[in-house]
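Please look over the sequence and the structure below. The paragraphs that follow go through charged pairs, a helix, a surface patch and a loop.

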Amino acid sequence: TPAEETKTEDAPNETSREKEKKRDSTEVGVAGHTMRERFDNAVKFYGFDRTITLENGTKLKGRYVLVDAFGLTPSHDPIGNFVKKEGYPTTKDGQSINDRDYEHSKAEQAKVLGIAQVYDGRSLTSVPVVSNEGLVYGGNGRTMAGQIAAVNGTDTAYKEALEENAQIFGFTNDQIANVPNA
């Protein structure tokens, strides 16, 4: 799955991993070790650099990363009935930083399941935005749909589209072939 790994603009040379090392592991919003290890241990390749602008005007520098769909950590577990992922960052009041309630909203679950049934090149038009630890900050629904599609085998059209467009992200077809559940 291509994802966009980001660095914050306030300290462009400091990655989120470096910032995390400075924080106490019990601090709100810090990635759990299992999540970080999942991303660190996943097969991945790095593509082109890119800068995105958030709705509030903040610019984030990042790069495309081709990584196993299960190396990423979305806010909820689509294989486990959409329960919240333990250790996923929360706000000070204990709410997920994700603004969608996939755990309780049948409509949001249905959207994800619908995308997973016909998982294709449309998922490449807006790839997930993730931290250096593999936490999905933008594109949780698409990430969960990709994970479901990988399990169900409904991602053939997506894989074909990824191979056809690999160069846009800075990847090769050989790299795609070497990443499980790319």
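A salt bridge is taken here as a side-chain nitrogen of Lys or Arg within 4 Å of a carboxyl oxygen of Asp or Glu. The model is a predicted one, in which local features need pLDDT of at least 70 and side-chain atom pairs count only at pLDDT 80 or more, while totals for chains, interfaces and linings use all residues. Residues are numbered from 1 along each chain as its sequence is written, and side-chain values use heavy atoms, with hydrogens and water left out.

Side chains of opposite charge can pair when their charged atoms come close. How many salt bridges does a search of the whole structure find? The search gives four. Arg100, Glu108 and Lys111 are linked in a network of such bridges. Burial is judged by relative accessible area: under 20% is buried, over 50% exposed, and in between partly exposed (1.4 Å probe, protein chains only). Arg100 is partly exposed at 41%, whereas Glu108 is buried at 15%.

Another salt bridge joins Arg122 to Asp120, with the closest N and O atoms 2.9 Å apart. Arg122 is exposed, its relative accessible area being 56%.

Lys159 and Asp155 also form a salt bridge, at 3.9 Å from N to O. Lys159 is partly exposed at 34%, while Asp155, with 6% relative accessibility, is buried.

Next comes helix H5. Helices (H or I, at least four residues) and strands (E, at least two) are DSSP runs numbered from the N terminus. H5 covers residues 156–164, and its buried residues are Tyr158, Ala161 and Leu162. Seen down the helix axis, these buried residues fall within an arc of 100°, so they line one face of H5. The arc is that of the directions from the helix axis to the C-beta atoms. An α-helix has 3.6 residues a turn, so residues three or four places apart point the same way.

Phe70 sits in the loop between strand E3 (59–67) and strand E4 (76–77), and is partly exposed at 31%.
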